[in-house]
Amino acid sequence: MALTIAPIGRPGSRQDGTVLPITRVRVVGPSMEPALRNGDWWVVRRTAKVGVGDVVLAVHPQRPHALVVKRIARREPEGWWVLGDNGAASDDSRVFGVVPDANVVGRLWWRYRPLRRQAVAG
């Protein structure tokens, strides 16, 4: 299952409650391989405009404290049908059903590698 680790509080929000237009997430698990790999970091762009084929960050419809990264497969009357790219290793709409529009945080936009801090000999 591809869960993500996001900042404390609502994804993309600051401590003062201001919602930022972007947030970042780390993919955990193999459900989106080979497109997204375990440990990848992504910038997520908040947007209401998502469509079939987009990879999105969403609040799990049955576990509101869990986030999932999935690909939108189709539009349903109640929201979005989402699937993992690696179906054999994915908990997705086949397990938890449709993801309501309000649960979609945003679209994965850009993969990055965090800088590693190196020890400085002193």
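Tutor: Let's start with Asp-85, which has a relative accessibility of 32% and so counts as partly exposed. Keep in mind that this is a predicted model. The partner of Asp-85 is Arg-71: the two form a salt bridge, with their closest N and O atoms 2.7 Å apart. Arg-71 belongs to strand S5 (residues 67-76), while Asp-85 sits in the loop between strand S6 (79-83) and helix H1 (93-96), so this pair ties together parts 14 residues apart in sequence. Arg-71 is partly exposed too, at a relative accessible area of 26%.

Now for Asp-101, whose salt bridge is with Arg-75, at 2.6 Å between the closest N and O atoms. Here Arg-75 is the one in strand S5, and Asp-101 lies in the loop between H1 and strand S7 (104-112), so the parts tied together are 26 residues apart in sequence. Asp-101 is partly exposed with a relative accessible area of 41%, and Arg-75 is partly exposed as well, at 43% relative accessibility.

Then there's Arg-74, which meets Glu-76 side chain to side chain in a salt bridge, 2.5 Å from N to O. Arg-74 has a relative accessible area of 39%, so partly exposed is the label again.

As for the general idea, side chains of opposite charge can pair when their charged atoms come close.

Note on methods: Residues numbered from 1 in each chain as written. Predicted model: local features only at pLDDT ≥ 70, side-chain atom pairs only at ≥ 80, totals over all residues. Heavy atoms only, no water. Salt bridge = Lys/Arg side-chain N within 4 Å of Asp/Glu carboxyl O. Helix = DSSP H or I, 4+ residues; strand = E, 2+ residues; numbered from the N terminus. Buried < 20%, exposed > 50% of the residue type's maximum accessible area, 1.4 Å probe, protein only.
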